[in-house]
Every structure is written in structure tokens, then in C-alpha cells.
Amino acid sequence: MKVSDWMGHFASTGGETRIHRVTPDDLDAYAAEFDLVIVAAGRGPQFDALFPRNAEFSPYTEARRDIGIIYVRTSAPVIDGLMFNMSPHGENFTLPVLSVRGPVHGIGFFGVPGGPMDVWHDITGPEQHLEIARGLTRTLFPWHSEILDNAEPVGPLETLHGRITPIVRHPVGTLPSGRHVLAMGDTAVTNDPVGGQGANMAAHAARSYEEAVLANGDREFDEKFMHDAFARYWSVAQHATRFNNDLLAPPPEHVLATLATAQRVPEVAHRFAHLFENPVNYTGWLTDPGVSMRYLAEATARR
């Protein structure tokens with residue numbers, strides 16, 4: 001819904017929207033027509049050759065979660081915010097969503113492959129998805145089961161299943177003609193949705209690139225410009241990527257201590273929750289056990 005609104009605004013300011021499938025072979029024609037071509041074509045292998053994997057920032061070579069998401073309406077009382085559950089087998093999220101069918105709740109399960117939450121295969125429809133979700137909740141998150149026991153699917157298309165391999169790509173691609181194109185969004189940096197950073201970082205990339213374009217003035221949008229534009233974005237995205245990738249690993253003791261302290265110290269809860277909004281402060285706090293534990297002691301003393 002938000003993207004549709006943005007597209008309408010773009011057209012109202014004089015932009016032109018052409019809607020059709022774009023392949024790597026089409027990009028050379030665009031690069032010849034336009035001063036700058038930005039590829040925001042989502043994740044997937046279609047641009048592997050053009051934007052290869054950057055192994056330095058891509059610790060995983062395969063998906064770390066099996067994902068099942070459904071939109072529901074529930075008569076159970078639900079807080080107006082994100083609810084998050086953890087287990088050794090994966091995570092569960094519930095959050096309010098404004099969909100094309102009105103206000104609903106998104107219920108997400110992120111299971112460790114091969115474990116009891118790795119169940120999202122051969123789903124035939126939303127009713128089956130909901131029954132599987134109910135079973136998982138009753139078994140692994142029973143304190144949360146009332147929400148799904150009193151829920152119904154929103155519609156036939158409001159489910160999602162699959163696996164996503166996190167990857168950071170080299171952001172500047174060279175076409176057969178020698179012209180260059182710049183990757184953006186999931187095409188440049190794909191994060192598992194467990195950390196909720198995909199749309200956040202895509203929007204931040206768009207803003208960063210916009211600022212880079214305006215700062216470039218009348219100069220050419222050459223390869224150096226593209227690398228500099230991505231570096232402007234990566235100064236923030238690196239923290240989101242580290243945060244997200246760490247969420248996919250078993251949490252160390254100082255992170256578990258942070259979550260436990262957050263249950264009784266609002267300052268810690270707010271600081272952790274705001275990492276999802278702005279993960280820049282993650283590096284140097286939750287990546288350093290000593291810093292983390294000292295902060296927990298100080299925050300607890302201030303309570």
C-alpha cells in the first residue's frame with residue numbers, strides 16, 4: 001500500500017513508470033538511455049553474475065530459517081505493538097499490520113531448519129497454515145496460544161512460506177557494454193526477515209542514494225559515484241546486517257541477560273526495541289559482552 005502511494009506521488013511530480021519484467025539483458029538499453037540506472041529488483045539469483053556475493057560481509061551460504069507468515073483477524077486481546085517469542089527452535093512474532101483488507105495481525109514463525117518449526121512445506125491454503133501455526137504455538141509458545149485459537153485467516157493470498165539466504169553483494173555491476181549499474185535494496189543487501197530490516201534498509205538506501213545524487217551536482221554518475229553512494233548507505237546498513245545475522249545465531253549469555261533484564265527494566269526494553277528502528281547502536285553495545293553487562297548493571301541501578 002505504501003509503495004503504491006509512493007508511485008502515485010512519483011508520477012504526480014513528473015516521473016514516468018513503465019511496468020514490465022526486467023532481465024539483466026534489458027539493463028544495457030536502460031544504461032544507454034539514462035544517466036543513472038539503479039537496480040532494485042529484489043532478492044534471488046537472477047543478478048548473481050552482475051552483483052556477485054561479497055564473502056567478507058556474508059557469513060551464511062544457506063538459509064538459516066524456515067519461514068511461515070499469515071495475516072489473521074483475532075478476537076483475543078492483543079497489545080498494539082510487536083510481540084516476540086524465542087525458543088531454541090526459532091522465533092515467533094505477532095504485530096499489527098495495515099493491509100489491503102484493513103487492520104489485521106501478522107503472525108510469523110521463523111524455524112531453525114531441521115527442527116520442529118521447520119514445517120512450512122506443501123501447504124495447500126490458509127486454513128492448513130493456520131492449523132499448523134496453532135499447533136506450533138500450543139507446543140512451543142503456549143502463553144501465546146489464545147491469539148491463534150481465536151483467529152481466522154484474512155484471505156486466500158495472505159500467507160507466505162519460504163527460506164531466504166542472507167547475502168551482501170558487490171553493489172556496482174558492469175554490463176557487457178562496459179556501462180555500470182548500481183544495486184539497491186534486497187538486490188544489494190538481503191537480510192533474513194527475522195530482524196525486520198528489509199523494508200527499513202531499502203527505504204534508507206533510497207534516501208542515501210537520493211542524497212548522493214543531489215550532492216553529485218552536474219558531475220557524471222560514474223563507477224566512483226556508485227561506490228560512494230553505496231558506502232553512504234552501508235555506514236548504516238552494516239549495523240542492521242550485523243544485528244540481523246546475529247539474531248540468526250544462538251544468542252550468547254549477555255544477550256539472554258539483556259532480554260531477561262528488559263522484562264523488568266523499561267530503559268533496557270526500550271533500548272533493545274529501538275534497535276529494530278535504528279540498529280546503529282547495536283555494534284559496540286550488544287556485540288561486546290563487557291559493555292553489555294556493565295550497561296545492564298547501571299540501568300538496573302537507575303531503575
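This is a predicted model: local features need pLDDT of at least 70, side-chain atom pairs count only at pLDDT 80 or more; totals for chains, interfaces and linings use all residues.
Me: In which sense do strand 9 and strand 10 pair, and over how many bridges?

Reply: Strand 9 and strand 10 (residues 180–183) are antiparallel, with three bridges between them. To find your place in the model, look for Val 172, which stands opposite Leu 182 in strand 10.

Me: Now strand 2. Which strands pair with strand 2?

Reply: Take the partners one by one. Strand 5 pairs with strand 2 (residues 66–74) in the antiparallel sense over seven bridges, and there Val 72 has His 105 as its bridge partner. Strand 7 (residues 159–162) also runs antiparallel to strand 2, joined by four bridges; Ile 69 stands opposite Leu 160 in this strand. Strand 6 (residues 151–153) is joined to strand 2 by three bridges, again antiparallel, with Glu 152 as the bridge partner of Arg 73.

Me: Which backbone oxygen does the side chain of Asn 92 reach?

Reply: That of Gly 108, at 3.1 Å. Beyond residues up to four places away in sequence, Asn 92 touches several others, including Met 83, Phe 84, Phe 141 and His 144.

Me: On to the rings. How many aromatic pairs does the structure hold?

Reply: There are 15 aromatic pairs in the structure. To classify one, we look at the angle between the ring planes, where over 60 degrees counts as edge-to-face. Phe 93 and Phe 110 have ring centres 5.4 Å apart and planes at 90°, so this pair is edge-to-face. The pair links distant parts of the chain, with Phe 93 in strand 4 and Phe 110 in strand 5 (residues 102–111), 17 residues apart. Phe 93 and Phe 110 are both buried.

Me: Which residues form an aromatic cluster?

Reply: Phe 57, Tyr 209, Phe 230, Tyr 233 and Trp 234 form one cluster together.

Me: And over which rings does Arg 271 lie?

Reply: Here we ask whether a charged end sits over a ring face. Arg 271 lies over the face of Trp 285, at 3.9 Å from the ring centre. The charged end of Arg 271 also sits over the ring of Tyr 295, 4.4 Å from its centre.

Me: Last topic: which residues have the most contacts inside the largest nonpolar core?

Reply: Leu 27 and Tyr 233 do, in a core of 31 residues. Helix 2 (24–33), strand 10, helix 5 (198–216) and helix 6 (223–247) each supply at least two residues of this core. The largest share, nine residues, comes from helix 6. A second, separate core has 16 residues, among them Ile 70, Ala 133, Leu 140 and Leu 148.

Terms used
Residues are numbered from 1 along each chain as its sequence is written. Side-chain values use heavy atoms; hydrogens and water are left out. Two strands pair if DSSP finds at least two bridges between them. A polar contact is a pair of N or O atoms within 3.5 Å; within protein, one must be able to donate a hydrogen and the other to accept it, and residues adjacent in sequence count only if both atoms are side-chain atoms. Contact means heavy atoms within 4.5 Å. Rings of Phe, Tyr and Trp (its six-membered ring) pair if their centres lie within 6.5 Å; planes under 30 degrees apart count as stacked, over 60 as edge-to-face and the rest as tilted. Buried means under 20% relative accessible area, exposed over 50%, partly exposed in between (1.4 Å probe, protein chains only). A charge sits over a ring if NZ of Lys or CZ of Arg is within 6 Å of the ring centre and within 35 degrees of the ring normal. A nonpolar core is a set of buried Ala, Val, Leu, Ile, Met, Phe, Trp, Tyr and Cys residues joined through side-chain atoms within 4.5 Å.
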